[in-house]
Amino acid sequence: MRRHPNRWGFSDMGLGMGLRSKHYPDILEHNPPVAFFEVIAENYMGNFGRPMYLLEQVAERYPVMVHGVSLSIGSTDPLDFQYLGLLRNLADRLRVPWVSDHLCWTGVLGRNSHDLLPVPLTEESLRHVIGRIRAVQDFLERPLVVENPSSYVEFLASSMSEAEFLCRMAEAADCGLLLDVNNVYVSAFNHGFDAMEYLSVLPVDRIVYHHVAGHTHKGTHILDTHSDHVVDPVWELYRFCHERTGGRSTMVEWDEDIPPFEVVFEEVQKAAVHRRTVEGDDFSLPERPPPSLAPRREDNQAPHPAGLESPEAGDLFVREKNVEFAHE
Ligand SMILES: [Fe+2]
């Protein structure tokens with residue numbers, strides 16, 4: 001298996017899980033061998049109460065990645081720099097090398113739908129998104145890693161495929177791609193495109209991260225519920241991605257009907273098995289947690305295991321906010 005580096009040289013951290021409050025006791029008492037955790041940014045932005053206390057406990061033991069759901073990069077509303085200030089504070093605090101969010105819009109005219117809505121795949125919206133990604137990256141001082149969405153409707157005005165949009169966007173905005181393999185499978189079924197063809201054209205050097213998740217098949221369409229096990233066809237696609245990139249940090253999402261920790265961890269173990277089916281990959285889960293970034297203590301300047309030193313936290317504004325989002 002050939003390893004194909006990404007444009008930033010971010011290393012493959014291995015297999016991680018979404019950090020969900022239900023699992024705090026399992027994580028903090030047993031230190032399971034998960035390579036990293038990922039948090040929904042908005043649940044911790046500007047929050048210095050118990051959620052942040054618990055997050056810091058985890059972050060002292062593990063790398064924690066930051067994944068947003070409200071950046072609304074496709075919206076026609078101006079970028080919300082108050083939101084971005086809070087996001088940067090969290091990213092600095094956790095010393096993450098990149099921040100991820102979705103190719104979507106979540107609201108307009110100041111209203112948040114709390115849903116990840118698809119953007120029209122047109123030249124105009126491509127230019128719009130590229131400009132906003134560049135502005136966000138300048139502000140965050142780290143790459144934005146944009147996730148392919150799952151969707152249920154398409155715009156008649158669209159003039160290109162989603163894969164083409166992502167390719168051109170990543171190149172022109174100089175951003176990363178978070179390739180959610182389940183989202184590709186869901187959208188491919190809902191819109192009738194070929195998932196493998198979609199995956200084959202995405203630029204390997206832009207892909208820095210993978211998500212895998214379960215969904216709910218309704219017969220006529222698939223809902224991206226993150227409420228079940230990852231299905232075999234998604235694992236097959238994941239294996240294809242892994243073979244293509246030579247390994248990218250991968251995170252298992254389970255956000256509704258969240259089962260006990262062991263059940264989600266079994267999905268992580270399955271991901272390890274699927275990785276090993278690629279010839280030349282002897283990947284195995286670590287026996288103990290990796291070194292944390294220990295962001296809480298000012299005396300620790302450990303580099304992030306993904307490979308990029310993040311800037312120091314700036315004196316950015318903060319405000320009290322504690323929003324619980326349903327799922328990514
Ligand atoms: Fe995802």
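Contact here means heavy atoms within 4.5 Å. The model is predicted, so local features need pLDDT of at least 70, side-chain atom pairs count only at pLDDT 80 or more, and totals for chains, interfaces and linings use all residues. Residues are numbered from 1 along each chain as its sequence is written, and side-chain values use heavy atoms, with hydrogens and water left out.

**Stop 1: asparagine 182**

Select asparagine 182, which lies in helix H6, residues 181–191. Helices (H or I, at least four residues) and strands (E, at least two) are DSSP runs, numbered from the N terminus. Asparagine 182 has 0% relative accessibility and therefore counts as buried. Buried means under 20% relative accessible area, exposed over 50%, and partly exposed in between (1.4 Å probe, protein chains only). Now show its contacts, leaving aside neighbours within four places in sequence: asparagine 182 is in contact with His211, Ala213, Gly214, His215, Asp224 and Val234.

**Stop 2: the whole chain**

Zoom out to the protein chain, which has nine helices and twelve strands. Of its 328 residues, 56% count as buried. Among contacts in the chain with a separation of 6 or more, 82% come from residues 24 or more positions apart. The accessible surface of the chain comes to about 13,800 Å², and 52% of that belongs to carbon and sulfur atoms. Accessible areas come from the Shrake-Rupley method with a 1.4 Å probe; for residues, only the protein chains shown count as cover.

**Stop 3: H2 and H3**

Select residues 50–59 (H2) and 81–94 (H3); the two axes come within 11 Å and cross at roughly 35°. Axes are lines fitted to C-alpha atoms, for helices over the stretch in contact, and angles run from 0 to 180 degrees between N-to-C directions. On the H2 side the contact is made by Met52, Leu55, Glu56 and Ala59, and on the H3 side by Leu90, Arg93 and Leu94. By class, this contact has five nonpolar, no polar and two charged residues. Ala, Val, Leu, Ile, Met, Phe, Trp, Tyr, Cys and Pro count as nonpolar, Asp, Glu, Lys and Arg as charged, and the others, Gly among them, as polar.

**Stop 4: H3 and H4**

Phe81, Leu84, Gly85, Leu87 and Arg88 of H3 meet Val136, Phe139 and Leu140 of H4. The classes here are six nonpolar, one polar and one charged.

Next, pick leucine 140 in H4. Leucine 140 counts as buried because its relative accessibility is 0%. Apart from residues up to four places away in sequence, leucine 140 touches Leu84, Leu87, Arg88 and Val99.

**Stop 5: H4 and H5**

Finally, select residues 123–140 (H4) and 162–173 (H5), whose axes come within 9 Å and cross at roughly 40°. H4 contributes Glu123, Ser125, Leu126, Val129, Ile130, Ile133, Arg134 and Gln137 to the contact, and H5 contributes Phe165, Arg168, Met169, Ala172 and Ala173. These residues divide into eight nonpolar, two polar and three charged.
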